[in-house]
Amino acid sequence: MDHEEIRRNIERIRGEIAAAAARAGRDPAAVRLMAVTKTVDDERIRAAIEAGVDMIGENYVQEARRKIEAMGRDVPWHLIGHLQTNKAKYAVRLFEMIHSVDRPEVAKELDRRAAALGRSVKVLIEVNVSGEATKRGVAPQDLVPLARLVSTLPSLSLRGLMTMAPWSEDPETARPYFAALRRRRDEIAALNLPGVVMEELSMGMTDDYTVAVEEGATIVRIGRAIFGERG
Ligand SMILES: *Cc1c(COP(=O)(O)O)cnc(C)c1O
């Protein structure tokens, strides 16, 4: 896929986001577009950056480390993949935001590593709203305790929630899961935990992002609709 095609894809996605936001009475500027770049080569990532995506999302810490060295941080990099505690020390250096906090051990280790750098790191809690065994994320019943824990960790700043809806041919299938994530976000916001700003809903991918925008997404994470099928 060449640069021109990537640019056109991003333009089309921006249009779809704006239309979905309008249907929901939302400001399209409240929705940020993340290019998800797992397995994507540097040239195509550069094309997406030039075309004006708001952020880059990486699944793997090591892959991100190399790419960030090559490409710099003019556009912020976010971690969206599963995080092992032994990678926390790299993650706090590399990423503007970490979307995949899903258990106390990871939260505590990120806090310890961020504190050592004298830095505050923005995080989202990943929630397994569908309860599918194959999906990552904290179980819905463990979300509030985890949010309370994160709020006590001085070097982490909890900004919202992230989820992946179950895959389906029909994007409408995802709607109840996105609506559930929004309700959980509002519920935690209502707890008024110290230092917690529940502004972000990271939800919606290639097959379901317009529904996610209708349900309140503030970050959509898109790979294939920008770069084509992954090889
Ligand atoms: C790969 C991935 C995406 C992007 O998926 P597409 O279907 O290619 O848009 C979004 N979020 C996460 C967590 C991913 O792993």
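Entry 1: I started at R221, where a side-chain N or O atom lies 2.9 Å from a nitrogen atom of the ligand. Before going on, I noted that this is a predicted model, where local features need pLDDT of at least 70, side-chain atom pairs count only at pLDDT 80 or more, and totals for chains, interfaces and linings use all residues. Residues are numbered from 1 along each chain as its sequence is written, and side-chain values use heavy atoms, with hydrogens and water left out.

Next I looked up G223, which has a backbone N or O atom 2.9 Å from an oxygen atom of the ligand. For R224, I found a side-chain N or O atom 2.7 Å from a ligand oxygen. I then checked the cover: the protein hides 94% of the 390 Å² of accessible area that the ligand has on its own (Shrake-Rupley method, 1.4 Å probe).

Entry 2: Which residues are around the ligand? I listed V36, K38, N59, I80, M164, M205, T206, R221, I222, G223, R224 and R230, where a residue counts if one of its heavy atoms lies within 4 Å. Sorted by class, this shell has five nonpolar, three polar and four charged residues. In that sorting, Asp, Glu, Lys and Arg are charged, Ala, Val, Leu, Ile, Met, Phe, Trp, Tyr, Cys and Pro are nonpolar, and the others, Gly among them, are polar.

**Entry 3: H99.** I found H99 in strand 4, residues 97-101 (strands are DSSP E runs of at least two residues, helices H or I runs of at least four, numbered from the N terminus). Is H99 buried or exposed? It is buried, with a relative accessible area of 0%; buried means under 20%, exposed over 50%, partly exposed in between, with a 1.4 Å probe and protein chains only.

What does the H99 side chain touch? I saw a polar contact of 2.8 Å to the side chain of H78 and another, of 2.9 Å, to the side chain of S202. Such a contact is a pair of N or O atoms within 3.5 Å; within protein, one must be able to donate a hydrogen and the other to accept it, and residues adjacent in sequence count only if both atoms are side-chain atoms.

**Entry 4: positive phi.** Most residues other than glycine have a negative phi. T39 is in the loop between strand 1 (32-36) and helix 2 (42-50). N192, also not a glycine, has a positive phi of about 50°. I placed N192 in the loop between helix 7 (175-190) and strand 7 (200-202). N192 is exposed, at 63% relative accessible area.
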